Amino acid sequence: QEKLKVQTAKLNSIIESSSHLIWTVNEEFELTSFNNNYFEAIINNYDIMPAMQGDSHDMPKESNSFWEDKYRQALAGAPLNFEIKL
């Protein structure tokens, strides 16, 4: 149990200290976790709070279709490399 706590703390530290936007989704494309950079970007770019699993939010439709395509590819095991403009 203690090893798991230490490992979790290390991973959290890496994720939060990254300059990247980091988030996870489940098979239904629902947001399950995110770092502070992601949180700030969603608020600054869309003026909404990130919606966690089971919550709803009003992301622009074009954004949803773009990300759903990327999520499908990633969950199918396809390697992805892309950039987006923020």
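Helices (H or I, at least four residues) and strands (E, at least two) are DSSP runs, numbered from the N terminus. The model is predicted: local features need pLDDT of at least 70, side-chain atom pairs count only at pLDDT 80 or more, and totals for chains, interfaces and linings use all residues. Residues are numbered from 1 along each chain as its sequence is written, and side-chain values use heavy atoms, with hydrogens and water left out.

**Stop 1: Glu68**

Select glutamate 68, which lies in helix 3. Glu68 has 31% relative accessibility and counts as partly exposed; buried means under 20% relative accessible area, exposed over 50%, and partly exposed in between (1.4 Å probe, protein chains only).

**Stop 2**

Phe66 is partly exposed, at a relative accessible area of 32%.

**Stop 3: the aromatic rings**

Show the rings of Trp23, Phe29, Phe34, Tyr38, Phe39, Phe66, Trp67, Tyr71 and Phe82, which form one aromatic cluster. Nine aromatic pairs are found in the whole structure. Rings of Phe, Tyr and Trp (its six-membered ring) pair if their centres lie within 6.5 Å; planes under 30 degrees apart count as stacked, over 60 as edge-to-face and the rest as tilted. Phe34 and Tyr38 have ring centres 5.7 Å apart and planes at 40 degrees, so this pair is tilted. Phe34 is partly exposed at 27%, whereas Tyr38 is buried at 11%. The pair of Phe66 and Trp67 is edge-to-face, with 4.9 Å centre to centre and 85 degrees between the planes. Trp67 is buried, at 15% relative accessibility.

**Stop 4: helix 2**

Select residues 36–46, helix 2, and colour its buried residues Tyr38, Ala41 and Ile42. These residues cover an arc of only 100 degrees around the axis, which puts them on the same side of helix 2; the arc is that of the directions from the helix axis to the C-beta atoms. Their cover includes strand 1 (23–25) and strand 2 (31–34). End at aspartate 47, which follows helix 2 and has a positive phi, near 55 degrees.

Definitions and conventions. Contact means heavy atoms within 4.5 Å.
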